[in-house]
Amino acid sequence: MSNIGEPVGALDEIALLGMRFYGHHGAYEAEQKLGQRFIVNLWLYADLRRAGEADDLGLTVNYADVFAATQKVVEGEPKRLLEALAERIAETVLTQFPLVRSVVVEVEKPGAPIPGILDTVRVRIHRRGPCA
């Protein structure tokens, strides 16, 4: 297991890293109007044994579907806070992909309007599904 997420029993990890989207999130009106780039990283925790043994996509989490669901959230309704955006992504993943027992969501905002020298701001949350 990666040291990013909290190990959850004998669960396995799927990581989707460096997903880039254009969204309209931010505390300032100009951020919501103009939009900017966001980078999302996800770590999904699930029991992948059956999928691995059967080599069957239907028994795992489809990466393309997770990407599309995340994209819909980031490119959708504006949020004021990265925390709120991360929370919405976590809720979406845990609701739409019942095999996922736990998720770590990291949202990065490279163009944060903060005076001074700053590469990025990042929020990381850890959430468990109802069956975790």
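**Salt bridges and exposure in a predicted model**

Reader: Why is Glu-77 called exposed?

Author: The relative accessibility of Glu-77 is 58%. Exposed means over 50%, buried under 20%, and partly exposed in between (1.4 Å probe, protein chains only), so Glu-77 counts as exposed. This is a predicted model, in which local features need pLDDT of at least 70 and side-chain atom pairs count only at pLDDT 80 or more, whereas totals for chains, interfaces and linings use all residues. Residues are numbered from 1 along each chain as its sequence is written, and side-chain values use heavy atoms, leaving out hydrogens and water.

Reader: What makes Lys-79 and Glu-77 a salt bridge?

Author: A salt bridge requires a side-chain nitrogen of Lys or Arg within 4 Å of a carboxyl oxygen of Asp or Glu. The closest N and O atoms of Lys-79 and Glu-77 are 3.7 Å apart, so the pair meets that definition.

Reader: Which residue forms a salt bridge with Lys-109, and what does the pair tie together?

Author: Lys-109 pairs with Glu-31, with 2.4 Å between the closest N and O atoms.

Reader: How do you know whether Lys-109 and Glu-31 are buried or exposed?

Author: Lys-109 has a relative accessible area of 7% and Glu-31 has 9% relative accessibility; therefore Lys-109 is buried, and Glu-31 counts as buried.
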